[in-house]
Amino acid sequence: MSSSLSLSIASFGSAVWRADQLGCPLGTTVATGFPKLDAEFPGGGWPVGAISEILQAQNGQHEWRLLLPVLRRAASGPVALVGAPYMPFGPGLAALDFDARRLLLVDAATPSARLWAVEQTMRCAAVAATLAWLPQVRPEQLRRLQTVAHTHNKLLFVLRPAQAVAESSPAVLRILALTQQGSDALLVHILKRRGPPLEHPLSLPVGNARMAALMALTGERDALDCLATAA
């Protein structure tokens, strides 16, 4: 009986997803810039028209190292930053081949204002991608953002604290990014994807010689990625 059922399921081909296999994305994807990460993401990249949720211990710690490759690959329109914890450091971004003039900073202090701003950026046809720092957000609010992202076919990255790891989320892709001690690598735990659980974290090389030289010249070696605090 089980063998005949397996044969029947197999006859549907890619139309049927098996939970022990990496699923196909529901839409298009954009390569992450990290081959090891692409190999573990459904469709080989960040999903377009869906939430990609990134958890980290501290705001501003890893998002730029992780996302700059895809932001360079995204359409040439503005990249909206909603509730960014730091002002972008233009020379640092330029050292990583990203034009800071593409950034659209949206200062929204309250959780409700941030949610409204995120929706508006996704409704704007010119905006290529949105990065939203949402430390306080409920699952139903994320579901609404997921619907808007799908409707307008946008790249949406939601940045949340690591403490939210135990909370439910409608994000189709959810990861935890941590610093790998004693190296320039980034440890990425894939918490949720359309596919089997990934037992071990991925170690991604995120060091950049040009950035290191720039930080040494400016005395900003303790700066978080390529951001500088407003202070």
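Me: In S11, which residue is the bridge partner of Val188?

Reply: First, the ground rules. This is a predicted model: local features need pLDDT of at least 70, side-chain atom pairs count only at pLDDT 80 or more, and totals for chains, interfaces and linings use all residues. Residues are numbered from 1 along each chain as its sequence is written, and side-chain values use heavy atoms, with hydrogens and water left out. Now the general idea: strands of a sheet pair through backbone hydrogen bonds, either parallel or antiparallel. Strands (E, at least two residues) and helices (H or I, at least four) are DSSP runs, numbered from the N terminus. Two strands pair if DSSP finds at least two bridges between them. Here, Val188 has Leu202 as its partner. S10 (residues 185-192) and S11 are antiparallel, with 4 bridges.

Me: What is the strand order in the open sheet of 8 strands?

Reply: The order is S6-S4-S7-S8-S3-S9-S10-S11, and the pairing is mixed. S6 (103-106) and S11 (202-205) are the edge strands; each has a single partner strand, so one side of each lacks a neighbour in the sheet.

Me: Is S3 mostly covered or exposed?

Reply: Buried means under 20% relative accessible area, exposed over 50%, partly exposed in between (1.4 Å probe, protein chains only). In S3, 7 of its 7 residues are buried. One side carries Ala50, Ser52, Ile54 and Gln56; the other carries Ile51, Glu53 and Leu55. S3 runs parallel to S8, joined by 7 bridges, and Ala50 is partnered with Leu155 there. S3 also pairs with S9, again in the parallel sense, over 5 bridges. In that pair, Leu55 faces Leu176.

Me: Which residues have the most contacts inside the largest nonpolar core?

Reply: A nonpolar core is a set of buried Ala, Val, Leu, Ile, Met, Phe, Trp, Tyr and Cys residues joined through side-chain atoms within 4.5 Å. The largest one has 36 residues, and Leu37, Trp46, Leu66, Leu67, Leu71, Leu131 and Leu155 have the most contacts inside it. Helix H3 gives the largest share, 6 residues.
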